[in-house]
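Look at the structure first.

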Amino acid sequence: MSWIKLCLILIIVFVLISIVKLFLRNLLQIEKVKKEFFSFNYINKSHRKIDKGLRIFSAVTLITLSYVLLFYYEELISLLLIPLIVFMVLDYIVRAFFEWKYTEHPKQSILTISEMFLILIAVIVVFEFKLLVPN
């Protein structure tokens, strides 16, 4: 049953992000930029280096934290959510900075920041209201 809840939550978040992006595009006259669906879409070489470094650091940190929390502090496993959110926010901020500073479409950074906030709110709501916990 929790898989159905998870799929429903993901669909709702995806639709909400799409609606907000469409609204912001129309409101702020932001042109649509073609992006690959499952691609990192790096802006330049600096963005690629910083993003890869951040991903490697976050992976090592999250694996280490999950090992420590799982084997030594099992009751605190929910603390893993905090660094996960921090690394997600850092990833979006780096992407938005490079979109703002180094592309010919700097308004795309507004869409990236709005997407970050919507995902952040969705994660907080799901965990605060315990929507994925079995009844």
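## The largest pocket

The largest pocket is lined by 44 residues, and I17, K21, Y92, E115 and I119 lie nearest its centre. A pocket here is an open set of points on a 1 Å grid over the protein atoms alone, where a 1.4 Å probe fits and protein lies on both sides within 12 Å along at least five of seven lines; lining residues have an atom within 4 Å of a point. The model is predicted: local features need pLDDT of at least 70, side-chain atom pairs count only at pLDDT 80 or more, and totals for chains, interfaces and linings use all residues. Residues are numbered from 1 along each chain as its sequence is written, and side-chain values use heavy atoms, with hydrogens and water left out.

The space in the largest pocket is about 1,700 Å³. That volume is the space filled by probe spheres set on the points, with grid points joined across faces, edges and corners. α1 (2–28), α2, α3 and α4 each supply at least two lining residues. α1 gives the most, with ten. Helices are DSSP runs (H or I, at least four residues), numbered from the N terminus. By class, the lining has 25 nonpolar, seven polar and twelve charged residues. Nonpolar covers Ala, Val, Leu, Ile, Met, Phe, Trp, Tyr, Cys and Pro; charged covers Asp, Glu, Lys and Arg; the others, Gly among them, are polar.

## The second largest pocket

The second largest pocket holds about 190 Å³ of space. Its lining includes R95, E99, T103 and E104. By class, this lining has two nonpolar, four polar and five charged residues.

## Helix α3

Helix α3 spans residues 81–102, 22 residues in total. From first C-alpha to last it reaches 31 Å, close to the 32 Å expected at 1.5 Å a residue. The expected span is 1.5 Å times one less than the number of residues.

## Aromatic rings

The structure holds seven aromatic pairs. Rings of Phe, Tyr and Trp (its six-membered ring) pair if their centres lie within 6.5 Å. F97 and W100 are three residues apart in helix α3, about one helical turn. F97 is partly exposed, at 39% relative accessible area (partly exposed lies between buried and exposed, which is over 50%). Ring pairs link F97, F98, W100 and Y102 into a cluster.

How values were computed
Phe/Tyr/Trp six-rings, centres within 6.5 Å; stacked < 30°, edge-to-face > 60°. Buried < 20%, exposed > 50% of the residue type's maximum accessible area, 1.4 Å probe, protein only.
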